[in-house]
Number of protein chains: 2
Amino acid sequence: MTAKPNAVVAQSGGPTAVINSSACGVIQEAIKSGKIDRVLGATNGILGVLKEDLFDLTAEKPQTIEALKQTPSAAIGSCRYKLKSIEESKADFERILDVFKAHNIHYFFYAGGNDSMDTADKVNNLAADAGYELTCMGIPKTVDNDLAFTDHCPGYPSVAKYVATCSAEAGRDTEALYTTDTCTILEVMGRNAGWIAAATGLASRCVEDAPHLIYMPEAAFTFEKFVEDVKQVYKELGRVFIVSGEGLKDQSGQYITADQGKFSKDSFGHVQLGGVGAMLKAVIESEVGIKARFNLLGTNQRSAMHFASLTDVNEAYMCGQMAVKAALDGQNGKMITLVREDDPEYKCTTGFAELADVANGEKKVPPEYINKAGNHITDAMRDYIRPLVHGQALINIGADGLPVFMRFERKPLEKKLTPYM
Amino acid sequence: MTAKPNAVVAQSGGPTAVINSSACGVIQEAIKSGKIDRVLGATNGILGVLKEDLFDLTAEKPQTIEALKQTPSAAIGSCRYKLKSIEESKADFERILDVFKAHNIHYFFYAGGNDSMDTADKVNNLAADAGYELTCMGIPKTVDNDLAFTDHCPGYPSVAKYVATCSAEAGRDTEALYTTDTCTILEVMGRNAGWIAAATGLASRCVEDAPHLIYMPEAAFTFEKFVEDVKQVYKELGRVFIVSGEGLKDQSGQYITADQGKFSKDSFGHVQLGGVGAMLKAVIESEVGIKARFNLLGTNQRSAMHFASLTDVNEAYMCGQMAVKAALDGQNGKMITLVREDDPEYKCTTGFAELADVANGEKKVPPEYINKAGNHITDAMRDYIRPLVHGQALINIGADGLPVFMRFERKPLEKKLTPYM
């Protein structure tokens, strides 16, 4: 390489409150190193690479880059574009290398989940086969916390802090109005792994506190047991606050859905359109005979910068920073992992996992974190989550009383190749 | 009166983030005055009076009372029990007076909305007819902000701050993932008045910012116009972020639903809403052909103490405090109002409205706060809401990183009457 190489940073999949902190870590560390010419943003993840839709992050104002730490979602732009095997997506993979070559890109920093690590791994292998000097580093990102090899994923601590707080707060609402609005269901994200639902258990400091019941896809769900659980809590407390992940599964691992039999319609005969929250509400109203309502936090839970975990922001930044340091230090084909030190006081450092290994792994809530009844968490889960939600992330509040988020100027790079898609 | 009189404070209807701040104002001011013996809490609003289910708030620890300011929902307990006319609910009204007499209660402080002010007014009239010395004072409370005679209602600024922030945040999520997850609908509270939906307009500081479209029950809704609006924004920005109140009405004032005419009603006879988000999602997916999702904040929006408005907390406290001061000063049959001073700098003082007048009034979002297209707000609305969301309420964060809320010890008063219900 004669000229200093360029780097690309891209964001993929569902955004989080701190994926921009990771990008900030990459950009600031790359600039600081003096070994990278320009850090390019790929607009909308791998789509930006394929479309040669790149912009110069190093040309943005320093305060814009710094403000990434206070801005939720994926400021560079994300996507859900999935590359398959090298054979099936051959043209895409070759295009990625062509774009890298055209713009002197020799570093690829990709923040995402399993699929993104898979993509980064394949691009890396293809470059090696083609003799093109490329360093691919993965940065863990998923609110679902389901990546293997890392103690936890940046993004998860913030959603955990937020949903646990929401449970504590809405639980007080149900407590105040229990004489009529007796049951509340909080539906949270997590289709295959119940980490987000499990985090809300931290809010129940005593038997009075919400949530009283927590359902996760890792614990086999039956309507009969569920109705019994609800009746039991209702008998004890006169109210019920339930948290459920968006995916619930039966003993054979099949998703429980409203169209399984008698619960396909609500008490008014309406066909259920919604997800788990709407379904559980209908079951409770018809089988327990108490009024139920549900809250669906949706994308608000993963973008809740206004109450993000400071620990999460700092660790996400560290992951971005370490990806650059390691890449410049000769590491390649790795994802940065978070390593919890074996110390009574919480300490978190970083390590590495092979991209290929991460791509094929999935971390579920382990049995020892779920109570025997399959409807709440254990102290082991509390010990796991407690240090992660520590500290409140800084936010810049504007004169209008609302948070101020940054936006890039997005100076586009001149395209050098023919349009691809 | 030979012994010093007792006072009752009660909370009614849907909780807010700051109704406990009003209670704190009542309790601390009553203690400070030296003119009231005990402040009694009526467990679950007027139900607690009817059931003689009272506890001694003045026996609670001072720090518990102080922590009310940092605790959402209705800590004394709320209810949705509706008293009708004096003729129809004669036994209830007489029972209330009997309980007041039995416990030497000569002050009644009732925090609630229209229905609660109606109840307080009727109790007051009945006491006067019976020659029982009673002072009834109302404290405004409703997230819906639909009470007449007051510039705004305590509770509204906090929900406004929270939903506007949620719009800004989830809007960034939609912006990042627009290539697949193109449209997001945020369904917020507001059955007949669109104040909460309107507040989210503060988050759209520029054309890029969410929300792009806001629907309020005050602006006649048609599916045809809605589909046109969505197509227009989609064409301009490639994504659409929509906020809708839970009640939308057509030109004749009828609620719009996917399934007209199959509503249940709540215990006040109010039409039970919900499902606007799911309905609009279905319309967009079928008529515009883009993927849509909806977030339903539900009771989380009215209990979001973790991002409540400091202005709201302080004003709610002031309302409670002023209710006591005014009562001891000889006022009766009034609700405390918030008065915005005619000054470029926001200043808020208190005034009075007749309970009977408040009971029959309803304040909707005025036409000058809604844009001509009926799908967003005007600068006049921005000017109205901006100072209200100012400042962030204090919260006590525990060692586990989550907010800590108070709970009363609830030393029950000995019952002196026969059970009533």
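User: What makes up the secondary structure of chain A?

Analyst: Happy to start there: chain A has 13 helices and eleven strands. Helices (H or I, at least four residues) and strands (E, at least two) are DSSP runs, numbered from the N terminus. A word on the source: this is a predicted model, where local features need pLDDT of at least 70, side-chain atom pairs count only at pLDDT 80 or more, and totals for chains, interfaces and linings use all residues. Residues are numbered from 1 along each chain as its sequence is written, while chains are lettered from A and ligands numbered from 1 in the order in which they are written.

User: What makes you say that the copies meet through the same surface?

Analyst: Of the interface residues of chain A, 92% are also interface residues in chain B, so the same surface is used. In total, 53 residues of chain A are in contact with 55 residues of chain B; contact requires C-beta atoms, placed from the backbone, to lie within 7 Å. Helix H6 (156–176) of chain A gives the most to this side, with eleven residues.

User: Why is B:Cys166 called buried?

Analyst: A residue is buried if 20 or more other C-beta atoms lie within 10 Å of its own, exposed if 12 or fewer, and partly exposed in between, with C-beta atoms placed from the backbone. B:Cys166 has 29 such neighbours, so it counts as buried. B:Cys166 lies in helix H6 of chain B. Leaving aside neighbours within four places in sequence, B:Cys166 is in contact with A:Asn300, B:Leu186 and B:Leu297.

User: Why is H1(A) described as largely enclosed?

Analyst: Twelve of its 15 residues are buried, so H1(A) is largely enclosed by the rest of the structure. Its buried residues pack against several elements of chain A, including strand E1 (6–11), strand E4 (105–112) and helix H11 (310–328). Just after H1(A), A:Gly34 has a positive phi of about 75°.

User: How do you know that the span of H11(B) is close to the expected one?

Analyst: The expected span is 1.5 Å times one less than the number of residues. H11(B), residues 310–328, has 19 residues and reaches 27 Å from its first C-alpha to its last, close to the 27 Å expected. H11(B) is also largely enclosed, because 14 of the 19 residues are buried.

User: Which residues have the most contacts inside the largest nonpolar core?

Analyst: They are A:Val9, A:Phe109, B:Val9 and B:Phe109, in a core of 265 residues. Such a core is a set of buried Ala, Val, Leu, Ile, Met, Phe, Trp, Tyr and Cys residues joined through C-beta atoms within 7 Å.

Notes. Contact = placed C-beta atoms within 7 Å.
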